[in-house]
Amino acid sequence: MASHEHNEKCKEVFSLLSEYLDLELTAEACQEIEAHLVGCPPCIEFAESLRKTVDLCHRYQPTELPDPLGQQAREQLLDAYRKMLAGRKPVS
Amino acid sequence: MERDTEVELARQLIAGNPEAFDRFVEHFRAKIFHYSWLMCGQREDAEEVAQETLLKVFESFDHLRDPERVRPWIFQIAKNACLMKRRKSVFAPSKELSLDEFLPTMSHAGGHGKLQIADWSSLPDDRMLRSELKGVLEQAIGELPENYRSVMLLRDVEELSTLETAQILDLTEDVVKTRLHRARLAVRQKLDEYLSTSPARGK
C-alpha cells in the first residue's frame, strides 16, 4: 500500500474518532475504523489519548464552588416553590 | 449525584414533598454555578445565574412534564440566564477550530512513522484527579472558543446526550458532534503539552 493512501485513511479515522468513542457510528463504519486501528499503532496511540481526555472530563469534579446559599436567597427559592404548588388547580 | 437521584428528587418536588428541596438546590446550584463560571468567567455572574436559574426552575416546575429530563431542562434555563448575563468572554474570542490544526505530527526517523505525542500511559487512572492536572483541564476548557466550550461542558462534563445538547444550544446534532470533536482535540492537545513538559507529572 502506498504511504499516501495510508495517511488519507489515518486522516479519515482521525476525523471520526469522537463519534467512534461515543458509539455514534454505524456498525459498518466502526468495523472499518477497527480494521485500520489494528494495523496502525500511531492511530491507536492517538485514539487512546483522546479517550483518556474524555475520561478525565467525565471524572472531573469542579474545584470552584459557589459561596454557601444565604438565608434570604434560600427563602426566595422556597417561596417560588410554594407559590408554584399553591397555584395548581385542585384535582377534581 | 447520578441522574437517577436527580430524577427522584424532581419527582418528589413535583409531588409537593419539600423534603427534597435542600438537596435538590445544593446539587443543581453547584452544577449551574460551575457551568456559568466556565462560560462567563466571573464568580459573581455565576452566582447570580445560579440563583436566577433556580428561581425560574421553581416558578415553572410544573412545565417539566417528564422528570427524566430534569438535567437538560435545567441547563436549558441556565444557558439562557447565562446568555443574558454574559459580559464579553474573558477567556477567548469566538472562532472556528479546524481539524487540521490538531493533526498529530509524525516523525519518520528510522523509516517508521512515530507519533510525536506525550506518554499518556503515565496518566493516573484512579478516581481522584490531582489538582494540578485538574487546573490544566479547567484552563484548557476555559480557553476554548465559547461555541465549543458550551458543547464540551454539556456533553463531556455534564454528560448530556448529543440530542439533549443540540436542543439546549439550538444546534443540529451534526454541529454538536463536529464541535465536540474539535473541542476534545483542542483539550487533548493542551493536556499533551502538559504531559510532554514533564513526563513524571502524570505519575
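**View 1. The buried residues of helix α7(B).** Thr162(B), Glu164(B), Thr165(B), Ala166(B), Ile168(B) and Leu169(B) are the buried residues of α7(B). The model shown here and in the views below is predicted. Helix α7 of chain B spans residues 162-169. Six of its eight residues are buried, so the rest of the structure largely encloses this helix. What do the buried residues of α7(B) pack against? Their partners are α1, α2, α4 (70-85), α6 and α8 of chain B. After α7(B) comes Asp170(B). The phi of Asp170(B) is positive, near 60°.

**View 2. A salt bridge between Arg3(B) and Glu164(B).** The two side chains meet at 2.9 Å, N to O. This pair links distant parts of the chain. Arg3(B) sits in helix α1 of chain B, and Glu164(B) in helix α7 of chain B. They are 161 residues apart. Is Glu164(B) buried or exposed? Glu164(B) is buried, at a relative accessible area of 14%. Arg3(B) counts as partly exposed, because its relative accessibility is 23% and the buried class ends under 20%.

View 3. Ala183(B) is placed in helix α8 of chain B, which covers residues 173-197. Its relative accessible area is 0%, so Ala183(B) is buried. Which residues does Ala183(B) contact, leaving aside neighbours within four places in sequence? They are Leu144(B), Tyr148(B) and Met152(B). Gly135(B) is 48 residues from Ala183(B) along the chain. The C-alpha atoms of Gly135(B) and Ala183(B) are separated by 17 Å.

**View 4. The interface of chain B and chain A.** Chain B brings 60 residues to the contact, and chain A brings 42 residues. About 4800 Å² is buried between the two chains. Carbon and sulfur atoms give 63% of that area. Six salt bridges are counted between chain B and chain A. Across this interface, 22 residue pairs are in polar contact, both residues being at pLDDT 80 or more. Several helices of chain B each supply at least two residues of the side that touches chain A: α1 (3-14), α2 (21-40), α3 (43-59), α5 (131-142), α6 (146-157) and α8. Which helix gives the largest share of this side? It is α2(B), with nine residues. By residue class, the side of chain B that touches chain A has 34 nonpolar, nine polar and 17 charged residues.

**View 5. Asp22(A) and its two arginine partners, Arg155(B) and Arg184(B).** Side chains of opposite charge can pair when their charged atoms come close. Asp22(A) forms a salt bridge with Arg184(B), at 3.1 Å from N to O. Asp22(A) also forms a salt bridge with Arg155(B), whose closest N and O atoms are 3.3 Å apart. The pair of Arg155(B) and Asp22(A) crosses between chains. Arg155(B) lies in helix α6 of chain B. Asp22(A) lies in the loop between α1 (3-21) and α2 (27-38) of chain A. How accessible are the two ends of this pair? Arg155(B) is buried, with a relative accessible area of 10%. Asp22(A) counts as partly exposed, at 21% relative accessibility.

View 6. An α-helix has 3.6 residues a turn, so residues three or four places apart point the same way. Asp79(A) is partly exposed, with a relative accessible area of 35%. Lys83(A) is exposed, with a relative accessible area of 58%.

**View 7. Chain A and its helices.** How many helices and strands does chain A have? Chain A has four helices and zero strands. From the N terminus on, its elements run α-α-α-α. Chain A has 92 residues, and 34% of them count as buried. Consider its contacts between residues at least 6 apart in sequence: 47% join residues at least 24 apart. The accessible surface of chain A comes to about 5700 Å². Carbon and sulfur atoms hold 55% of that surface. A search over all chains of the whole structure finds 22 salt bridges.

Note on methods: Residues numbered from 1 in each chain as written. Chains lettered and ligands numbered in written order. Predicted model: local features only at pLDDT ≥ 70, side-chain atom pairs only at ≥ 80, totals over all residues. Heavy atoms only, no water. Buried < 20%, exposed > 50% of the residue type's maximum accessible area, 1.4 Å probe, protein only. Contact = heavy atoms within 4.5 Å. Buried area = accessible area lost by both parts, 1.4 Å probe. Salt bridge = Lys/Arg side-chain N within 4 Å of Asp/Glu carboxyl O. Polar contact = N/O pair within 3.5 Å; in protein donor to acceptor, adjacent residues only side chain to side chain. Nonpolar A, V, L, I, M, F, W, Y, C, P; charged D, E, K, R; others polar. Areas by Shrake-Rupley, 256 points an atom, 1.4 Å probe, with all protein chains shown as cover.
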